[in-house]
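This report concerns aromatic contacts in a predicted model. The sequence and structure are shown first.

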Amino acid sequence: MLVSAKEMLEKARDGKYAVGQFNINNLEWTKAILLTAEELKSPVILGVSEGAGKYMTGYKTVAAMVSAMIEELKITVPVALHLDHGSYEGCYKCIEAGFSSIMFDGSHYPIEENVEKTKELVAVCAEKGLSLEAEVGSIGGEEDGVVGMGECADPNECKMIADLGVTMLAAGIGNIHGKYPENWAGLSFETLEAVNNAVGNMPLVLHGGTGIPADMIKKAISLGVAKINVNTECQLSFAAATREYIEAGKDQQGKGFDPRKLLAPGTEAIKATVKEKMELFGSIGKA
């Protein structure tokens, strides 16, 4: 059964570890992440971007698939199905479809409009028992058409959003989506510490978890980060393993590739990536 991310993130915040959000794009990715979480007894958040939701034919399909897989695979660890970087309209579609958690990305709106729309969604999510993530200060890079310049969030604006009653807050601290450039300045821990002080005990979210050095990850967790998003690293490992399989020419004697065998190496690569991240985040055994 899908659960809100609220309890798992509050436990992570208090226990000084982070729950991983791993984005899903198809059945194979979902299966790999769920099986790894169960094996390691780690809570997990399945992230779905609006583009991925559309690719999988719609949010109702995604919610039905994930719920059925949890039952069929006998998954016992807490699993939240979460809309990633959701639009205002997308949030309502996912609420209707049966998601257990949503993110409203209002960072591109003026702060007053971000507050207004977030406040409305807080009330809806509270009524339905869903967790809600909000964002202040856009995350750098591009993910599914959502582009940010990597702004550092204003701690006062973070407090304005946090005081509305959201479950978790994503604050821009110099992090970006995708691979980090060689001249990346690193995370702004000064900003993170100021945000943490401003919002109190609210679990914080670190987007762009691919490629951030381990020492930075651990320091971010010590300063209130309880949820870390990973997508690009799974994409890279999946692509590399699939490419290697194809280049090895393992088709069916000239008849083409069995799609189940073709996707198997990439699926195993995702399992390895998820395990590595769960170890780094400290969530193993915390289900």
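Is Phe 104 buried or exposed? Phe 104 has a relative accessibility of 1% and therefore counts as buried, where buried means under 20% relative accessible area, exposed over 50% and partly exposed in between, with a 1.4 Å probe and protein chains only. Tyr 92, at 28%, counts as partly exposed.

## Basis of the model

Residues are numbered from 1 along each chain as its sequence is written. The model is predicted, with local features needing pLDDT of at least 70, side-chain atom pairs counting only at pLDDT 80 or more, and totals for chains, interfaces and linings using all residues; side-chain values use heavy atoms, without hydrogens and water.

## Aromatic pairs

Rings of Phe, Tyr and Trp (its six-membered ring) pair if their centres lie within 6.5 Å; planes under 30 degrees apart count as stacked, over 60 as edge-to-face and the rest as tilted. By this rule there are six aromatic pairs. One of them joins Tyr 88 and Tyr 92, with centres 5.5 Å apart and planes at 75°, so this pair is edge-to-face. Both residues belong to helix α5 (residues 88-97), and because they are four residues apart, about one helical turn separates them.

Tyr 88 also pairs with Phe 104: the centres are 6.4 Å apart and the planes at 70°, so the arrangement is edge-to-face. This pair links distant parts of the chain, as Tyr 88 lies in helix α5 and Phe 104 in strand β4 (residues 101-104), 16 residues apart. Helices (H or I, at least four residues) and strands (E, at least two) are DSSP runs numbered from the N terminus.

## Cluster and charge

One aromatic cluster is formed by Tyr 88, Tyr 92, Phe 104 and Tyr 109. Lys 117 lies over the face of Tyr 88, 5.3 Å from the ring centre, and its charged end sits over the ring of Tyr 109, 5.0 Å from the centre. A charge sits over a ring if NZ of Lys or CZ of Arg is within 6 Å of the ring centre and within 35 degrees of the ring normal.
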